[in-house]
Amino acid sequence: MTNRLPNLQINAERLWSDIHETAQFGGTPKGGVRRLTLSEEDRLVRNWFRNACEAAGCEVHVDALGSMFAIRPGRDNGKPPIGIGSHLDTQPTGGKFDGVLGTLAGLEVIRTLNDAGIETDAPICLVNWTNEEGSRFAPAMMASGAYAGDFTVDDILSREDSDGVTVGEALDAIGYRGSEPVGQRQLGAFVELHIEQGPILERENKTIGVVERGQGILWYDGRITGFERHASTPMEYRQDALVALSEIVLAVERIASAHAPQAVATVGEVVIANPSRNVVPGEIAFTMDVRSPDEAIMTALDSDIRSAIADIAMLRKVAIAFESVWCKPPTIFNPAVVTAVEQASAALGYSHRRIISGAGHDACNLNAVVPTAMIFVPCKDGISHNELEDATQADCAAGANVLLHAALALAGVSASGDVPTVRPS
Ligand code: HGY
Ligand code: MN
Ligand code: MN
């Protein structure tokens, strides 16, 4: 699949300006972005995104989980659109680029095609997926997972945040519960641009990561029940839930490290019920995130962690409930789409290498139902899910150029040598 416009480039300044303009919605004093899914900040950025897509001549549709689909017509609108895009929600300590780069680079691709008067054969569909981060509502990549058939819409609409607000109520609160059935909008392929959220590209001084696989992800909810007691209780009489959790955290670190570099594990949330300085903690809720690119290692991690938890429960005389709440097997992206990304990178002269994604992405869900691949660009020190997250304008532009040319290769450009001047209405 080759495209006929090798020198076409996106407008790097315009993309950079969009990234910084949208960072105002949930911007934090430290230069990060706190824009939890379906929050007021998310509503503002969604409105900005809708207006920008409509100004670029796209028709914007919203599905029942709030995912937004901006359609740029092609010569043959009977063909399934080529999907590009990512997400606009962030972590509580998020940065300016995670998800935002891929979504706004998709907008920049559309603007560039408009400026050049290029008509693609197949339409282009720019997507903003609802709740990629999974921070406010579990699981992560929720809406793209429902699009791929991993969850029912009713199940997702009923998921609650820590205040007991459901996804459905939050969608209604910001006016983004759309009418389009989830999964109805077919796509011919999907390509997602994203920062690497890891150190490899920067360390190897590579501009582009051609993502061929994604790690598998396991999420768990845990609850430890010990016994609240006075802080003067002698040590041997205690059933301390926090000490038990501390043993779990160290055991999980040891188990993941034993499988390094093919495994990582994180306990990222801990809630002590009725915390008090002079009460031995009796009730704790916690969550766990475990990842590996290898399915057999995922299975081993699950059983090693479960047996460690059983031993700790016995040793610490506490009850521990430990429930799997999400299992995302490793992703192997579509070889033809991976090749389109690799060929675009080479044609544009960018240094590039194949890479495995450590983070989960909407593209990992799409891959189950649509030929999909991803493009990575470096981020500073590999840092992400941190307000210091940073990337360079040049790398963002390079990623967007690869996205442009991969999309052109997949969508096809007019058969004739000269490209008819088309300004979407
Ligand atoms: O958890 C992830 O990998 C993604 O950032 N939501
Ligand atoms: Mn992301
Ligand atoms: Mn993220």
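## Close-up views of a predicted model

**View 1. The donors around the manganese ion (ligand 2) are spaced as H-x10-D-x95-H along the chain.** Keep in mind that this is a predicted model. Who are these donors? They are H87 (NE2), D98 (OD) and H194 (NE2), and they sit 2.1 to 2.3 Å from the manganese ion (ligand 2). Take a look at where two of them come from: D98 belongs to the loop between β3 (82–86) and α3 (100–115), while H194 is part of strand β5 (residues 189–195), so this pair ties together parts that are 96 residues apart in sequence. D98 is buried, with a relative accessible area of 4%. H194 is buried too, with a relative accessible area of 1%.

**View 2. D98 bridges two manganese ions, ligand 2 and ligand 3.** How far apart are the two ions that D98 bridges? They lie 3.5 Å apart. E133 and H385 link distant parts of the chain, 252 residues apart. You'll find E133 in the loop between β4 (124–128) and α4 (142–147), and H385 in the loop between β15 (372–377) and α12 (393–411). Is each of these two buried or partly exposed? E133 has 6% relative accessibility and counts as buried, whereas H385, at 38%, counts as partly exposed.

**View 3. Helices α2 and α3 run roughly parallel to each other.** The axes of helix α2 (residues 40–55) and α3 come within 10 Å and cross at roughly 15 degrees. An angle under 35 degrees counts as roughly parallel, and therefore this pair gets that label. The crossing of α2 and α3 is left-handed. Which residues meet here? On the α2 side there are W48, F49, A52 and C53, and on the α3 side T103, L104, L107 and R111. Sort the residues of this contact by type and you get six nonpolar, one polar and one charged.

**View 4. Helices α1 and α12 are roughly perpendicular to each other.** At what angle do helix α1 (residues 12–22) and α12 pack? The angle is about 110 degrees, and their axes are 9 Å apart. Angles from 65 to 115 degrees count as roughly perpendicular, which is therefore how α1 and α12 are described. In α1, look for A12, E13, L15, W16 and I19, which meet Q393, C396, A397 and A400 in α12. The residues of this contact divide into seven nonpolar, one polar and one charged.

**View 5. A256 has its place in helix α8 (residues 241–258).** With 8% relative accessibility, A256 counts as buried. What does A256 touch, leaving aside its neighbours within four places in sequence? Its contacts are A263, V264, A265 and L301. Take L301 as one of these: A256 and L301 are 45 residues apart in sequence, and their C-alpha atoms are 7.2 Å apart in space.

Technical notes:
Residues numbered from 1 in each chain as written. Chains lettered and ligands numbered in written order. Predicted model: local features only at pLDDT ≥ 70, side-chain atom pairs only at ≥ 80, totals over all residues. Heavy atoms only, no water. Donors = N, O, S within 2.8 Å, 3.2 Å for Na, K, Ca; no water. Helix = DSSP H or I, 4+ residues; strand = E, 2+ residues; numbered from the N terminus. Buried < 20%, exposed > 50% of the residue type's maximum accessible area, 1.4 Å probe, protein only. Axes fitted to C-alpha atoms, helices over the stretch in contact; angles between N-to-C directions. Parallel < 35°, antiparallel > 145°, perpendicular 65-115°, else oblique. Left-handed = near helix turned anticlockwise from the far one by under 90°. Contact = heavy atoms within 4.5 Å. Nonpolar A, V, L, I, M, F, W, Y, C, P; charged D, E, K, R; others polar.
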